[in-house]
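Good morning, and thank you for coming.

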Amino acid sequence: DTIVFTTGGSPLMRVPAAGGDPAQYLATNPAREVHFHSAHALPGARAVLYVVHRESGADTHEVFAGGDRKVLLQAPGQAIHDPVYSPTGHILFARAPVNEGIWALPFSLSRLEPTGEPFLVAPNGAQPSVSHDGTLSYLAGGQNAVTQLVWMDADGKELGTIGQPE
């Protein structure tokens, strides 16, 4: 019954799902953090996944559950954005500039911790989104590419296009 969000330059915020005034949910530590962004509720509403933007950049993913913060991944020198949970048991995220693309971090939802090392899923991909059945959609060609939305089957065969390239 609560919506957790960030403004892209704020601490984690929350607001009742029925409406009301937003309130701070998790403050940043000004000595080491600029802000949080890309908040994503994990299944079961037991934790929130988000990006920590430090002075050195947006290079850290954390979860917040039961009043505790836990670092899942740090990639100094990299930008790791848009983390989302996949029912395959992974946290998917975009990484740049080295080995740019969509990456997957094996993840235990019950323990709220990584179970392996991250690996590349889609080179030059950005902005991952995962459906409840595990279907992955993302922006191919990186953040600034001209793109075309297409329907694909499970084998990667293009079935048709939607709209015009932009």
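Before we look inside, one term is needed: a pocket is an open set of grid points where a probe fits, with protein on both sides within 12 Å along at least five of seven lines, and its lining residues have an atom within 4 Å of a point. Please keep in mind that this is a predicted model.

Which element gives the most to the lining of the largest pocket? The answer is β14, with five residues. The volume of the largest pocket is about 650 Å³. Its lining has 14 residues, and those closest to the centre are Leu-136, Ser-137, Tyr-138, Val-150 and Met-152. By type, the lining holds nine nonpolar residues, five polar ones and no charged ones.

The second largest pocket contains about 230 Å³ of space. Here 15 residues form the lining, and Thr-2, Val-4, Tyr-25, Ala-45 and Val-48 lie nearest the centre. At least two lining residues come from each of β1, β4 and β6. In this lining, ten residues are nonpolar, three are polar and two are charged.

Let us now turn to the sheet. Four strands form an open sheet in the order β4-β5-β6-β7, and their pairing is antiparallel. At the edges are β4, residues 35–41, and β7, residues 68–74, each of which pairs on one side only. From one strand to the next, the twist averages 30°. Strand β6, residues 57–65, is joined to β7 by six bridges. Across this pair, Thr-60 stands opposite Gln-74.

Finally, the salt bridges. How many does a search of the whole structure find? There are six. In one of them, Asp-59 meets Arg-54 at 2.7 Å, N to O. Is Asp-59 buried or exposed? Asp-59 counts as buried because its relative accessibility is 0%, and the limit for buried is under 20%. Arg-54, at 23%, counts as partly exposed.

Arg-69 and Glu-62 also form a salt bridge, again given as 2.7 Å, N to O. These two residues belong to a network of salt bridges that also links Arg-32 and Glu-33.

Technical notes: Residues numbered from 1 in each chain as written. Predicted model: local features only at pLDDT ≥ 70, side-chain atom pairs only at ≥ 80, totals over all residues. Heavy atoms only, no water. Pairing = 2+ DSSP bridges. Axes fitted to C-alpha atoms, helices over the stretch in contact; angles between N-to-C directions. 1 Å grid on protein atoms, 1.4 Å probe; cavity = no way out; pocket = protein on both sides within 12 Å on 5 of 7 lines; lining within 4 Å. Points joined across faces, edges and corners; volume = space filled by probe spheres on them. Nonpolar A, V, L, I, M, F, W, Y, C, P; charged D, E, K, R; others polar. Salt bridge = Lys/Arg side-chain N within 4 Å of Asp/Glu carboxyl O. Buried < 20%, exposed > 50% of the residue type's maximum accessible area, 1.4 Å probe, protein only.
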